[in-house]
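Below are some comments for a colleague who has the coordinates open and wishes to go through selected local features one by one.

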Amino acid sequence: MSENESRSDKMTTTTPPKRRLLSTNLLAVSGAAALLALAVNLGYSAINHHFKTKSKHKDLRGSSVRVNFSASEILKLAETIIAKSKLVHDTIALLSLDKVTYTNVILPLAELDAQQFPLVQSCLFPKLVSTSQAVRKASGEAERMIDTHVLSCSKREDVYRLVKAVAAKADWIGPEGKRYVQSLVRDFERNGLNLTETKREEVQRLRVQIDELSLQYVRNIDNDKTSLLFSESELAGVPLEFLKSLQKAENGKYKVTMKSHHVAAVLELCKVGTTRRAVAVEFGKRSGEVNFPVMENLVQLRHKLARLLSYPNYADYALDLRMAKTSTKVYEFLEDVSGSLTEMATRELAVLKDLKMKEEGHLPFGIEDLSYYAKRVEEQQFDLEFGAIKQYLPVKLVLSGVLKIFEDIFGLNFKEIVDAEVWHPDVSVFSVFDLSSSELLGYFYLDIYKREGKYGHTCVLALQNGALLPNGERQTPIALLISQLQKDMDGHPGLLRFSEVVNLFHEFSHVVQIICNRASVARFSGLRLDPDFVELPAQMLENWCYEAFCLKLISGFHQDITRPIKDETCKSLKRWRHSFSALKLKQEILYCLFDQIVHSVDNVDIVELLKHLHPKVMLGLPLLEGTNPASCFPRSVIGYEAACYSRLWSEVFAADIFVSKFRDDLSNQFVGMQFRNKIFAPGGGKDPMETLIDFLGREPSIQAFINRKAEYSL
């Protein structure tokens, strides 16, 4: 939610004319469309009135988000949402092709999206945060109901024909209106609505098969019960706490499963090379017999689907929605980054091989040794004790420091709303104002402390997207940050791991991203951005976590908060961040290339492809004999198929922004405001590459990313 938005020049001068234009167009609506608008608005007014009369807390001005629903209220609201949506689509469908305009077809759909999104989220977010099992269950059921309805809307040929007719007339309001119309057409046509009935049915059959196989692949990995038995001496080097957590077999040996937390501990910490190799081999071939044919079948079905939809291969189908656009561009990007890292990676590998020779003799260095010896070198080179660092990161101090940093960079003012309605006493609510004009920009909820039944990871949700409303006002964006941090208990402060601090900073970047979005259409607001672009701002802002200026602002020894993290620790953290990064990045690029090739080329021999790619990318290190990573690579199967490169893509361009604009002056509010207005503000309403070029003043480059790695390399 992460687990797993962006922007243009400040719109204070351009917004009023757009508001007047939208209002005029709505006043011009007549006939069925006018009745539609009236019915929808009356329906939502009734919903808002019903729930506002129940609350004794202060309302958030401009918010349609509802909290503390009962299970029955959630299901009732879901039914209302579906009914209103159906009314809009049915009424639009009554129009004749020669009468369609942007005003009577597109605007009602845009308004529906803006109005329904916070109501939909009101139904769905309780499953992540509610203390009531009944409410969480109802929220899950509401999600299924709404998903089913959304799927049916995406298949409505009658509405598609009318949207397509508007597109053919080029009847839209400004560049963002054009982009919105084009996105609607694209969504319908990616569902096959421009195809014959026979081909459309084939598209749906293929989608069902692909979904079933993808889930089967993941289930096979989850259900894998493979384990290996080792004596205590064979696990030398792993912490005693880890040994105690392992089950014991009847012969007294320890049982190491192929779950990632077991595997990572052994590969990073175990001194015994034969143990590391045995675990790496077993991990690399898990689910192989069942998942290898599933992967082959999946790839074939995806190519078939793409060709039905007039794409040459599945990669180009997937990338059509992304900043990279084509598989050729992705190949070039991955090859450029990999080639630029080769010299650094070669030095890193030489150091690791030398260390292994000193510790284990002349045994060959294998990929199974990478994590262990990289960690050994880090221990030798960096005086970092993360348990000690944690003592300087009390949760309340970190949070107040994070808020202050974002206020200063982006010209914002956060004010806590003490008596707002929330779903748990630990939840806090803040309003966000522009520092110079005092304009209300949005709200955010923080639900960051551990509790039973709550979603277990850190993530951000847009609860209400910003948009320009028919009356000329802006709909207020609202965000929710969820985490599972340790709170202060019994006089003991909640302390954060450094990784939790980085994660909190990253996710709060998404909160600010949602709040500072100024797109006119809800479709381009919140986090509804190009997937290659949506993480870029948060990855860029993570850099602050490694700068002494900010580390000192967010830290203080928990028994004396006037004592921040030491300068030496700050320097070590910055160097540690980039240590042995070239080899690790090449390993990531290896799998990105695999993912891209199988989804862009027909009839690839998957096993031979990996055998070829591994030594080529990993500086001669061969694929472990007997392993087949394609059978246990869920990222390429569900969620990031043909898009595994995306994380690295945003990280590379985030480095370009940070180095060229922020590194020399972290608190430069002038540059921060440029970022807010040119990156955050446009949202998805502008091509992301144009957005990036507009901010940088040039084409983005990989060079800053490579130079930063080189700066801290061996």
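The points that follow concern a predicted model, and they take up a sheet, a helix pair and the cysteines.

1. The sheet. Five strands make up an open sheet with mixed pairing, and their order is E4-E5-E6-E10-E7. The edges are formed by strand E4 (412-416) and strand E7 (459-464), each of which pairs on one side only. Averaged over the sheet and with direction ignored, neighbouring strands are turned by 25° against each other.

2. Strand E5 (residues 428-434) pairs with strand E6 (residues 440-449) in the antiparallel sense, and six bridges join the two.

3. Helix H19 (residues 498-515) lies across E4, E5, E6, E7 and strand E10 (478-485), and its direction is at about 170° to that of E10.

4. A serine in the sheet. Ser483 belongs to strand E10. Is this residue, Ser483, buried or exposed? Ser483 has a relative accessible area of 2% and is therefore buried. Leaving aside residues up to four places away in sequence, Ser483 touches Asp447, Ile448 and Tyr449, and also Lys454, His457 and Thr458.

5. A helix pair. Helix H11 (residues 260-269) packs against helix H12 (residues 273-284) at an angle of about 145°, the axes being 9 Å apart, and the crossing of H11 past H12 is left-handed. On the side of H11 the contact is made by Val263, Val266 and Leu267, while H12 contributes Thr275, Arg276, Val279, Ala280 and Phe283.

6. The cysteines. How many disulfides does a search of the whole structure find? The search returns zero disulfides. For Cys459 the reason is distance, because its sulfur is 18 Å from the closest cysteine sulfur, that of Cys123, which is too far for a bond. Cys550 is likewise in no disulfide, and the nearest cysteine sulfur, in Cys545, is 7.9 Å away, whereas a disulfide would require two sulfur atoms within 2.5 Å.

7. Burial of two of these cysteines. Cys459 has a relative accessible area of 0% and is buried. Cys550, at 1% relative accessibility, also counts as buried, since the cut-off for that class is under 20% relative accessible area.

Terms used
Residues are numbered from 1 along each chain as its sequence is written. This is a predicted model: local features need pLDDT of at least 70, side-chain atom pairs count only at pLDDT 80 or more; totals for chains, interfaces and linings use all residues. Side-chain values use heavy atoms; hydrogens and water are left out. Buried means under 20% relative accessible area, exposed over 50%, partly exposed in between (1.4 Å probe, protein chains only). Axes are lines fitted to C-alpha atoms, for helices over the stretch in contact, and angles run from 0 to 180 degrees between N-to-C directions. Helices (H or I, at least four residues) and strands (E, at least two) are DSSP runs, numbered from the N terminus. A crossing is left-handed if the near helix is turned anticlockwise from the far one by less than a right angle, and right-handed if clockwise. Contact means heavy atoms within 4.5 Å. Two strands pair if DSSP finds at least two bridges between them.
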